[in-house]
Amino acid sequence: MFALVAIVVSLLSAFYGYRLSRQAHQVSTYYGAIGLFRELDKTFVEHPDLRPYIYDAKPLADDDPNRHRVQAVAELVIDAFEWIWYRRKKLNAKAEEGWRAYIVEIFDSSPVLQQHYIKYESWYPGITRLIAERSIVLRRFERE
């Protein structure tokens, strides 16, 4: 009888530990994503002239004086998208769908993000799957 109680207690303890671990991973993933975008927000506060390239579909001209900075921000954004998409299963379903919608909307409307992605597509397998899943049509802008 004692052995049976010990087994039940062990199983309940293991299940409880699993649930706590899963919640901890969700929180860690969520705050990791928020941290990435907090850094991006700081960049936009310090350099508000860069934000339109990501959020307002502003194209990047070859002679733009901000060219290198915009390209660096595009890489930061897509790296963050890739990280979030890689870790998405650690989020709850509602958070995953919210991030999916955000990534698709921003990526779909930003020529700068698409140019960076097209140039370095092999770096982003998660985003590649998301593009295929959501049937995002990449505009074939001139390469950077």
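User: In what order do the elements of the protein run from the N terminus on?

Analyst: Helices are DSSP runs of H or I with at least four residues, strands are runs of E with at least two, and both are numbered from the N terminus. Here the order is α-α-α-α-α-α. That gives six helices and zero strands. This is a predicted model: local features need pLDDT of at least 70, side-chain atom pairs count only at pLDDT 80 or more, and totals for chains, interfaces and linings use all residues. Residues are numbered from 1 along each chain as its sequence is written, and side-chain values use heavy atoms, leaving out hydrogens and water.

User: What percentage of the residues count as buried?

Analyst: Buried means under 20% relative accessible area, exposed over 50%, and partly exposed in between, with a 1.4 Å probe and protein chains only. Of the 144 residues, 37% count as buried. Gln71 is one case, buried at a relative accessible area of 18%. Gln71 sits in helix H3.

User: Which residues of helix H6 are buried?

Analyst: Start with the general idea. An α-helix has 3.6 residues a turn, so residues three or four places apart point the same way. Now take H6, residues 125–134: Gly126, Ile127, Leu130 and Ile131 are buried. Seen down the axis of H6, these buried residues fall within an arc of 135 degrees, so they line one face of the helix. The arc is taken from the directions from the helix axis to the C-beta atoms.

User: What covers the buried residues of H6?

Analyst: The cover includes helix H3 (67–87), helix H4 (93–109) and helix H5 (111–119).

Definitions and conventions
Contact means heavy atoms within 4.5 Å.
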